Amino acid sequence: MSLLLRFLRFAYDFVVGDDPAIAVVVVLALGLVALVAAGGVAAWWVLPVAVVGALAVSLHRAAR
C-alpha cells in the first residue's frame, strides 16, 4: 500500500471517525463562521453552538 493511500485512510478515519454526521456539522459550522465573519460580525460564538448542538444530537441518537 502506498504511503499516500495510507495517509488518506488515516486522514479519513481521523476526521470522520465513527460518526460522519459530526464531520459534516463541523464542516458546515466552519463555512458558517466564514460567512458570518465576512459579514463583519463577530463569529466566535458559531463553533461552540455547533459543537453543543452536534453533541446533543449524537447523544440523543446513542441513547435510543
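Q: In what order do the elements of the protein run from the N terminus on, and how many helices and strands are there?
A: From the N terminus on, the elements run α-α-α. This is a predicted model, in which local features need pLDDT of at least 70, side-chain atom pairs count only at pLDDT 80 or more, and totals for chains, interfaces and linings use all residues. Residues are numbered from 1 along each chain as its sequence is written, and side-chain values use heavy atoms, with hydrogens and water left out. Helices (H or I, at least four residues) and strands (E, at least two) are DSSP runs, numbered from the N terminus, and by that rule the protein has 3 helices and 0 strands.

Q: Is the protein a compact globule or more spread out, and how do you know?
A: The radius of gyration is 15 Å, well over the 11 Å that the globule rule gives for 64 residues, so the protein is more spread out than a compact globule; the radius is taken over C-alpha atoms, and the rule is 2.2 Å times the number of residues to the power 0.38. Along its principal axes the C-alpha trace spans about 45 × 35 × 10 Å.

Q: How do you know that the end-to-end distance of helix H2 agrees with its number of residues?
A: The expected span of a helix is 1.5 Å times one less than its number of residues. For the 19 residues of H2 (residues 20-38) this should give 27 Å, and the end C-alpha atoms are 27 Å apart, which agrees. H1, with 14 residues, reaches 20 Å from its first C-alpha to its last, close to the 20 Å expected.

Q: Which residues of H2 are buried, and what places them on the same or on opposite sides of H2?
A: Buried means under 20% relative accessible area, exposed over 50% and partly exposed in between, with a 1.4 Å probe and protein chains only; the buried residues of H2 are Ala23, Ala29, Val33 and Val36. They cover an arc of only 150° around the axis, which puts them on the same side of H2, the arc being that of the directions from the helix axis to the C-beta atoms. These buried residues pack against helix H1 (3-16) and helix H3 (46-63), while the face turned away from the buried side carries the exposed residues Val27, Leu28, Leu35 and Ala38.

Q: Does H1 lie largely in the open or largely buried, and why?
A: Of the 14 residues of H1, the number buried is 1, so H1 lies largely in the open. For the protein as a whole, buried residues make up 16% of the 64 residues.

Q: How many aromatic pairs does the structure hold, and what makes the pair of Phe7 and Phe10 stacked, tilted or edge-to-face?
A: The structure holds 2 aromatic pairs. The rings of Phe7 and Phe10 have their centres 6.4 Å apart and their planes at 45°, so the pair is tilted: rings of Phe, Tyr and Trp (its six-membered ring) pair if their centres lie within 6.5 Å, and planes under 30 degrees apart count as stacked, over 60 as edge-to-face and the rest as tilted. Phe7 and Phe10 are 3 residues apart in helix H1, which separates them by about one helical turn.

Q: What is the pair of Phe10 and Phe14 called, and why?
A: The centres of the Phe10 and Phe14 rings are 5.8 Å apart and the planes stand at 25°, so this pair is stacked. Phe10 and Phe14 both lie in H1, 4 residues apart, about one turn of the helix. An α-helix has 3.6 residues a turn, so residues three or four places apart point the same way. Ring pairs link Phe7, Phe10 and Phe14 into a cluster.

Q: Why are Phe7 and Phe14 placed in their accessibility classes?
A: Phe7 has a relative accessible area of 48% and is therefore partly exposed, whereas Phe14, with 64%, is exposed.

How values were computed. Contact = heavy atoms within 4.5 Å.
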